[in-house]
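Biologist: I would like to go through this model with you. Let us ask what lies behind each label.

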Amino acid sequence: MTRLPLHPLCEMFPRINGSDMDDLRDDIARRGLDQPIVLCDGAILDGRHRYDACLELDVSPVFTEYQGDD
């Protein structure tokens, strides 16, 4: 699967790792993805950690397109 690129605004925020990422991955494994990953112009605007966890867990990510104007 080809990974989606990150939107430049998404990269303004630091990555989580370690136990925080483990907790997110465990939560998605138990409950599934409950917040969609937000795309803007085909790139991930919000949800890169959820996206990474879904790919690692073989969970189908759910996407929504950004609807704002700013």
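**Labels and their cut-offs**

Modeller: Start with Met12, which lies in the segment before α1 (18-31). Helices (H or I, at least four residues) and strands (E, at least two) are DSSP runs, numbered from the N terminus. This is a predicted model, where local features need pLDDT of at least 70, side-chain atom pairs count only at pLDDT 80 or more, and totals for chains, interfaces and linings use all residues. Residues are numbered from 1 along each chain as its sequence is written, and side-chain values use heavy atoms, leaving out hydrogens and water.

Biologist: Why is Met12 called exposed?

Modeller: Buried means under 20% relative accessible area, exposed over 50%, and partly exposed in between (1.4 Å probe, protein chains only). Met12 has 59%, so Met12 is exposed.

Biologist: What makes Asp52 count as buried?

Modeller: Its relative accessibility is 13%. The limit is under 20%, so Asp52 counts as buried. Asp52 is one of the buried residues of α2. Seven of the 10 residues in α2 are buried.

Biologist: Why is the pair of Asp52 and Arg3 called a salt bridge?

Modeller: A salt bridge is a side-chain nitrogen of Lys or Arg within 4 Å of a carboxyl oxygen of Asp or Glu. For Asp52 and Arg3, the N to O distance is 2.4 Å. That is within 4 Å, so the pair is a salt bridge. Asp52 sits in helix α2 and Arg3 in the segment before α1, 49 residues apart. Arg3 is partly exposed, at 49%.

Biologist: How do you know that Asp27 and Arg30 form a salt bridge?

Modeller: Their closest N and O atoms are 3.8 Å apart. The limit is 4 Å, so this pair counts too. Asp27 and Arg30 are separated by about one helical turn, because they are three residues apart in helix α1.

Biologist: Why are β2 and β3 called edge strands?

Modeller: Two strands pair if DSSP finds at least two bridges between them. Three strands form an open sheet in the order β2-β1-β3. Strands β2 (43-46) and β3 (63-65) each pair on one side only.

Biologist: How do you know that β1 pairs with β3?

Modeller: Three bridges join β1 (residues 37-40) to β3. At least two are needed, so these strands pair. They run parallel.
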